[in-house]
Amino acid sequence: MSDTPGVTITGASGRMGQMLIGQVSANDRVRLVGAIERPGHAWVGQDVGIAMGGTALGVIVTDDPLEAIAPAQAVIDFTAPEATLEFAALCAQARAVHVIGTTGMTDDQIAALEPAARHAVIVRAGNMSLGVNLLTQLTKRVAAALDDDFDIEIIEAHHNQKVDAPSGTALMLGEAAAEGRGVVLADVSDRGRDGITGARKRGDIGFAAIRGGDIVGEHDVLFASAGERIILRHLATDRAVFARGAIKAALWGQGKSPGAYDMLDVLGLND
C-alpha cells in the first residue's frame, strides 16, 4: 500500500467537490481513492474524471459512502449537515481524518460530532483558507482592544447558489469578535434587520449577507465608532484556496490523536 494518504471526496459533482478532486489529483502528497455522490445522481458508476469532462482518474463515483471511505486515510467533506453527520460516523469507524468544510450546521449538529471525534481526527472550520484564519485572529484581537464605543458589523458576500446565511466564515468571525469582547455570540448577535428596528443596541454584533452572481467569498469586519472606522477584509477569488487548505488539514491530521480540531490548530495559530 502507498504511504501517500488516500483521500475520498464527498459531494463530488458540486462546486467544491470538483475543485477538490482537481486539487487532490494534482497534488503528489495525496492520492484520490474515492468519490461520493447521492443515490440516483447521474455521475454514480462513472469514472469521476470522465464525469467532470476530463480524462479518466481511475476512481468510480459511488453512492455507497462505506465503500468510498473504507480505503481512505482522509475524507474531505463540503456537503450538507445531515450528510456530514453520516460521514463522521463512517470516518470514525475507518479511523480516517474527517476534514469538514460544511457550513450551516446547528449547535446540536456540531455537538453530535463529539462521539466521532473520540475515535478519529475531525478538523472542522467555517473556512479553510490561511487568510481567513489570520483574519479571525485579527478580529479577536481588535475586538479585545476596543470597547463598546465601537460597533461591530460583519458583512459577507457569496454566489447566488449558496443556501445558508450568514456564512460559516461570518459566524466564525462573529465568534472571534465575541470571544475578544468576552461575551457569548448568541447573546449579542443581531441579524436580518428589516422595518422599524429601533436604534442599534450597544454591544451587539451585526451580520449582513449579500448573494449574487458567482462571488466566491468576501468578508468584511467593520469596527465603527463616532468619527472613525476600522475595516478588516478578506476577498477570495478562487475556490482553490479552500481546497488547498482542506488538503493541508488532511495531511496535518495524519497520526494525530483523535479529537476535534480547527484550522487554527492546523496552521499553528491557536493561542
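Predicted model: local features only at pLDDT ≥ 70, side-chain atom pairs only at ≥ 80, totals over all residues.
## The seven-stranded sheet

Seven strands make up an open sheet with parallel pairing, in the order β3-β2-β1-β4-β5-β6-β12. At its edges stand β3 and β12 (259-261), each of which pairs on one side only. Helix α4 packs on this sheet and touches β2, β4 and β5. The direction of α4 makes about 160 degrees with that of β5. Helix α10 also packs on the sheet, where it touches β4, β5, β6 and β12. For α10, the angle with the direction of β5 is about 155 degrees.

In general, the strands of a sheet pair through backbone hydrogen bonds, in either a parallel or an antiparallel manner. Here, β1 and strand β2 (residues 31-36) run parallel and are joined by four bridges. Within the sheet, Gly-6 stands opposite Arg-31 in β2. Together, β1, α1 and β2 make a β-α-β unit, and this unit is right-handed. The partners in β3 can be named: Val-61 is the bridge partner of Ala-35, and Thr-62 is that of Ile-36.

Thr-8 is part of strand β1 (residues 6-9). Is this residue buried or exposed? Thr-8 counts as buried, because its relative accessibility is 0%. A polar atom of the Thr-8 side chain lies 2.6 Å from the backbone oxygen of Ala-68.

Leaving aside residues up to four places away in sequence, Thr-8 touches a number of residues, including Val-33, Gly-34, Ala-35 and Ile-36. Ala-35 and Ile-36 are also the residues whose bridge partners lie in β3. Other contacts of Thr-8 include Ala-68, Ile-69 and Ala-72, as well as Ala-74, Val-75 and Ile-76.

## Helix α10

Helix α10 (residues 240-252) consists of 13 residues. From its first C-alpha to its last it reaches 18 Å, close to the 18 Å expected at 1.5 Å a residue.

Which residues of α10 are buried? They are Ala-240, Phe-242, Ala-243, Gly-245, Ala-246, Ile-247, Ala-249, Ala-250 and Leu-251. The elements against which these buried residues pack include the strands β4 (74-77), β5 (97-100), β6 (121-124) and β11 (228-236). They also pack against the helices α1 (15-25) and α11 (263-266).

## The five-stranded sheet

A further open sheet has five strands in the order β8-β9-β7-β10-β11, and its pairing is mixed. The edge positions belong to β8 (189-191) and β11; each has a single partner strand, so one side of each is left without a neighbour in the sheet. On average, neighbouring strands of this sheet are turned by 20 degrees against each other, direction ignored.

Three bridges link β8 with strand β9 (residues 205-211) in the parallel sense, and Asp-190 stands opposite Gly-206 in β9. By contrast, strand β10 (residues 217-225) pairs with β11 in the antiparallel sense over nine bridges. Ala-224 has Arg-229 in β11 as a bridge partner. The hairpin of β10 and β11 has two residues between the strands, and Gly-227 takes a positive phi near 90 degrees there.

## The loop between β7 and α8

Lys-162 is placed in the loop between β7 (151-158) and α8 (168-181). Its relative accessibility is 19%, and Lys-162 therefore counts as buried, since the cut-off for buried is under 20%. The side chains of Lys-162 and Asp-164 are joined by a polar contact of 3.1 Å. With residues up to four places away in sequence not counted, Lys-162 touches Thr-103, Ser-167 and Arg-211.

Pro-166 lies in this loop between β7 and α8 as well. The peptide bond that leads from Ala-165 to Pro-166 is cis, with omega near -10 degrees.

## Backbone angles in context

Most residues other than glycine have a negative phi, and most peptide bonds are trans. Arg-95 is not a glycine, yet it has a positive phi of about 55 degrees. Arg-95 lies in the loop between α4 (81-94) and β5. Because its relative accessibility is 53%, Arg-95 counts as exposed.

Key. Residues numbered from 1 in each chain as written. Heavy atoms only, no water. Buried < 20%, exposed > 50% of the residue type's maximum accessible area, 1.4 Å probe, protein only. Polar contact = N/O pair within 3.5 Å; in protein donor to acceptor, adjacent residues only side chain to side chain. Contact = heavy atoms within 4.5 Å. Expected span 1.5 Å × (residues − 1). Pairing = 2+ DSSP bridges. Right-handed = clockwise from strand over helix to strand, strands pointing away. Axes fitted to C-alpha atoms, helices over the stretch in contact; angles between N-to-C directions.
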